[in-house]
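Subject: Structure handover

Hello,

Here is the structure I promised you. Please open it first, then read my notes below.

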Amino acid sequence: MASFSIIHFNDVYNIEPCPMEPIGGAARLSWYIKSCDDPVVLFSGDVLSPSLMSIFLKGEQMIPVLNGVGVKCAVFGNHDFDFGVDHLEDLLADTLFPWLLSNVIDNLTNEPLAYAEISQVIVSNGIKIGLMGLVEEEWIVTLATIDPEDVTFKDYVESGRQIAHSLRTQGADIVIALTHMRWPNDIRLAEEVEDIDIILGGHDHDYNVQQINGTYIVKSGTDFRNLSHIHVTKDENGKWKFDIKEVELDSSVKEDPVIRELVMAKLALVDDKMDNKLGDMMVELDGRFSKIRTQETNLGNFVTDIILTATNADMTILNSGTFRSDRIHPRGEFKIRDLLTILPLLDNMLVIQCTGKQIVQALENGVSQYPKLEGRFPQVAGCRFGFDPSKAKGHRVDPALVQIQDQYIDLEKTYRLCTKEYIANGKDDYTMFKDCPILVSTENCPTISTCVQNHFESVQILLGNKECRSGHKQSLLCLVKKEDIIVSKQESSDSINKTLVRQQSIHDAEIEKPHLAPIVDGRIFQYDDEKHIVMLALKDSRSVKRLDLRQEELTSSFDAGDEDEGLEEMVSN
Ligand SMILES: [Zn+2]
């Protein structure tokens, strides 16, 4: 009777064991696999990030692990793009097995993104196993390191059908889809594509098995803590049978000494990387609690601006408690150590849809404790607002003076807000966001420190210090700015040329931006009654973009009748 066995796992982040059972760890996975009789090891994506170790090693610690446990084939997950396509391609060169991505095309090359394979046939026990790798549009279009305009997503059902057919004609005895997408999408795949025998998925971290239309969908947990051990046999009618066993890698499972040693070596390597330079800051960064918890600082602007561009949101709010360094960072070399001093935690972000009214409520909450040095004080990007500290809590922010993307806020309109999971969950009394629809989930967003690292990388590329082979990198421009860029030569009909022209225009705009010299630009300002009246008058008389005016300057510019010039000048001072 024809038979073989599969080990399937997905979404692994930490190679070292965790403190709670099942404690897992790469060495336990390896031991378990070696105790089996030559199984086909398949992986469903998300391995390079996020983890504390990945801040230093950018996922390179995972390559010897995946090779060591004998992975035969894998599909990409969203987090495998966290450090960009160039980096991913570099790491792939060292893996000993093929990576699949069957339904995403890179418009710059007309090839599968990151030069992945579309399908693969491997042989086990004389059985030809056909494999494809399918992903969902939701995360492909929200990758921080790729402009969604630069890739073409194909429907996974259509691709699945085509590839299954082509695998059969190549002689595949069985067809397996490795996927990295949410349950409803895997279910649709099972419902609509008859020719796939089993779906081995990732992206969801809970261990779960369902049978839809006679096809099993298997998600094998997360983080080297769980796996599926599947025994596959063919019955008398020629139909494949799957005996699926969930395995928990708890402390009773032994560790493979070879992988254990490798894990220890990687942990030691982390210490050495602390002093790696990310870039040269042209200015000091102000992270003092006395400043960042009471006013806008250039460190707050630096980080929130980066997040805004990485997530293509309309605005960003971070609680200033996110910034932990409580010091001035001198100009000059900025190292990983500095980044970790400022952002020691892996902060999960997400993009939610909220109304103008909710944003104003959030800003009110943010300034409600002023002048106490409270961590809820907001640092923002894509937004400009003022507050009157003499007023009672909850009445300090005049919505009439709040701007989003240089437009006065519309309280009824909805906006895309990028923030931390912490705030979206209502911590620090940001309770107004609790029921907001989630546009990009935490699982689909990179962490804050990854975005900051990528920003430094993009600057190195723009300065000509680093090559960008793939043409994909995290942008320095927010979505609104990119949309503003009018591409004059867009009439070119060929899509590769169109993409190149658009990229060049964005590059030209990026290169004009001052690099690594964040400033305080007046996005958070204070006013009193007198200044408030003048500001409202100015707002009504014309569009004022910047409102951070000192009283005497405001009066003189108002009197002089030369408001535009006066205002711009004051802001730059
Ligand atoms: Zn994922």
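Between which helix and which strand does the loop with Asn276 lie? Asn276 sits in the loop between helix 8 (257–273) and strand 16 (277–281). Keep in mind that this is a predicted model.

Stay with Asn276 for a moment. Its relative accessibility is 35%, so Asn276 counts as partly exposed. Leave aside the neighbours within four places in sequence, and Asn276 is in contact with Phe334, Lys335 and Ile336. Ser368 is another matter. Asn276 and Ser368 are 92 residues apart in sequence, and their C-alpha atoms are 39 Å apart in space.

Now the whole chain. The protein chain has 19 helices and 28 strands. Its radius of gyration is 26 Å, close to the 25 Å that the globule rule gives for 573 residues, so the chain is as compact as a globular protein of that length. Along the principal axes, the C-alpha trace spans about 95 × 55 × 45 Å. Of the 573 residues, 57% are buried. The chain exposes about 23,700 Å², and carbon and sulfur atoms supply 48% of that area. Look at the contacts too. Among those between residues at least 6 apart in sequence, 74% join residues at least 24 apart.

Next, the annotated spans. UniProt, in an unreviewed entry, gives "domain: Calcineurin-like phosphoesterase" for residues 5–207. In the model, residues 5–207 are 29% helix and 25% strand. The end C-alpha atoms of that span are 19 Å apart. The unreviewed UniProt entry also lists "domain: 5'-Nucleotidase C-terminal" for residues 288–435. Residues 288–435 are 28% helix and 26% strand, with end C-alpha atoms 33 Å apart.

Then the metal. Which protein residues are donors of the zinc ion? They are Asp46 (OD), Asn78 (OD1), His180 (NE2), His203 (ND1) and Glu443 (OE). These donors lie 2.1 to 2.3 Å from the zinc ion. Along the chain, their spacing reads D-x31-N-x101-H-x22-H-x239-E. Take Asn78 and His180, a pair that links distant parts of the chain, 102 residues apart. Asn78 is in the loop between strand 3 (71–75) and helix 4 (85–92). His180 is in strand 10 (residues 174–180). Both Asn78 and His180 are buried.

Now the cysteines. How many disulfides does the structure hold? It holds zero. A disulfide is a covalent bond between the sulfur atoms of two cysteines. Cys451 is buried, with a relative accessible area of 0%. Cys18 has a relative accessible area of 22% and is partly exposed. The cut-off explains that label, because buried means under 20% relative accessible area.

Last, Ser449. Ser449 is in helix 14 (residues 448–462). Buried or exposed? Ser449 is buried, at 1% relative accessible area. Not counting residues up to four places away in sequence, Ser449 touches Ile55, Leu339, Leu343 and Leu346. Ser449 and Asn348 are 101 residues apart along the chain, and their C-alpha atoms are separated by 9.7 Å.

Best wishes

How values were computed. Residues are numbered from 1 along each chain as its sequence is written. This is a predicted model: local features need pLDDT of at least 70, side-chain atom pairs count only at pLDDT 80 or more; totals for chains, interfaces and linings use all residues. Side-chain values use heavy atoms; hydrogens and water are left out. Donors are N, O and S atoms within 2.8 Å of the metal (3.2 Å for Na, K and Ca); water is not among the atoms, so sites may look incomplete. Helices (H or I, at least four residues) and strands (E, at least two) are DSSP runs, numbered from the N terminus. Buried means under 20% relative accessible area, exposed over 50%, partly exposed in between (1.4 Å probe, protein chains only). UniProt positions are given in the numbering used here, feature names are shortened, and annotations may be inferred rather than shown by experiment. The radius of gyration is taken over C-alpha atoms; the globule rule is 2.2 Å times the number of residues to the power 0.38. Contact means heavy atoms within 4.5 Å. Accessible areas come from the Shrake-Rupley method with a 1.4 Å probe; for residues, only the protein chains shown count as cover. A disulfide is a pair of cysteine sulfur atoms within 2.5 Å.
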